[in-house]
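Let's take a walk through this one, starting with a single side chain and working out to the packing around it. Keep the viewer open as you read.

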Amino acid sequence: VSFTPGDISVIYGKNGCGKTTLAKLLVCFIKPNSGEILIDKTNFDKLSLIWLRDQIAYCSQQTEILNSTVIDNILISNPKLNELEVSRLLQTVDLDHELKNSNLSISGNINPNLSIGILKKIQIARSIAKNTKICIFDDPLLSLDIQGKKMFLNLLTSLKRSGKTIICLSNDKEILE
């Protein structure tokens with residue numbers, strides 16, 4: 001399988017078929033038992049792991065958020081961003097409304113009782129904050145409501161237009177369509 005810049009590639013399959021394992025291989029969390037993974041015709045094993053991970057944004061199916069503030073969760077991915085750039089990212093993932101309509105703030109600690117959908121949006125914002133050439137999303141629509149799903153599908157279109165290599169691993173028909 002090869003992935004092309006400016007395309008949205010979907011790895012579609014039922015639960016347990018290996019989608020997450022493939023994602024972990026592509027982000028070098030695990031090594032293949034056989035075969036090879038190439039980027040620009042170069043084997044991953046010949047590349048610096050730090051450099052390679054800087055080329056890839058990964059949003060796992062598990063919602064993983066730091067027990068800190070919204071801004072800390074974004075800046076861990078890209079410490080060079082200023083507060084205005086973080087605010088724009090939060091608008092991109094439709095979190096600006098939640099910030100205005102709740103007790104969630106950009107610099108206040110995240111309440112662990114927040115909805116999983118809001119936490120998922122923070123995770124998506126963190127992954128795209130890296131502004132990488134390759135974006136890998138494992139089950140990206142999981143835990144998102146209708147508005148969140150619409151936001152994510154629009155985000156995919158925007159990332160595609162900017163020439164990114166986009167890989168989605170999912171069993172959600174909305175991603176396929």
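A polar contact here is a pair of N or O atoms within 3.5 Å, where within protein one must be able to donate a hydrogen and the other to accept it. Keep that in mind, and remember too that this is a predicted model.

Start with Asp172, which sits in the loop between β6 (165–170) and α8 (173–176). A polar atom of the Asp172 side chain lies 2.9 Å from the backbone nitrogen of Glu174. So that pair falls inside the 3.5 Å cut-off for a polar contact. What about charge? Asp172 is buried but has no salt bridge. The nearest side chain of opposite charge is Lys149, 4.2 Å away. Lys149 does show up as a contact of Asp172, along with Tyr12 and Leu141, once neighbours within four places in sequence are left aside.

Now for the rings. How many aromatic pairs does a search of the whole structure find? It finds 2. One is Phe29 with Tyr58: the ring centres are 5.6 Å apart and the planes are at 80°, so this pair is edge-to-face. The partners come from distant parts of the chain, 29 residues apart, with Phe29 in the loop between α1 (19–26) and β2 (38–39) and Tyr58 in strand β4 (residues 56–59). Phe29 is partly exposed, at a relative accessible area of 48%.

Then there's Phe137 with Phe152, with centres 5.0 Å apart and planes at 80°, so that pair is edge-to-face as well. Phe137 belongs to strand β5 (residues 134–138) and Phe152 to helix α7 (residues 146–161), so the pair ties together parts 15 residues apart in sequence. Both of these Phe residues are buried.

That brings us to the packing. The largest nonpolar core has 34 residues, and the members touching the most others are Ile74, Leu90, Ile124, Phe137 and Phe152. Two or more residues each come from β4, α3 (70–75), α4 (83–92), α6 (116–129), β5, α7 and β6. The largest share, 7 residues, is from α6.

Zoom in on Ile74: beyond its neighbours within four places in sequence, its contacts include Leu81, Val86, Leu89, Leu90 and Ile122. Finally, a second, separate core has 15 residues, among them Val27, Tyr58, Ile134 and Ile167.

Methods:
Residues are numbered from 1 along each chain as its sequence is written. This is a predicted model: local features need pLDDT of at least 70, side-chain atom pairs count only at pLDDT 80 or more; totals for chains, interfaces and linings use all residues. Side-chain values use heavy atoms; hydrogens and water are left out. Helices (H or I, at least four residues) and strands (E, at least two) are DSSP runs, numbered from the N terminus. Buried means under 20% relative accessible area, exposed over 50%, partly exposed in between (1.4 Å probe, protein chains only). Lys and Arg count as positive and Asp and Glu as negative; His and the chain ends are not counted. A salt bridge is a side-chain nitrogen of Lys or Arg within 4 Å of a carboxyl oxygen of Asp or Glu. Contact means heavy atoms within 4.5 Å. Rings of Phe, Tyr and Trp (its six-membered ring) pair if their centres lie within 6.5 Å; planes under 30 degrees apart count as stacked, over 60 as edge-to-face and the rest as tilted. A nonpolar core is a set of buried Ala, Val, Leu, Ile, Met, Phe, Trp, Tyr and Cys residues joined through side-chain atoms within 4.5 Å.
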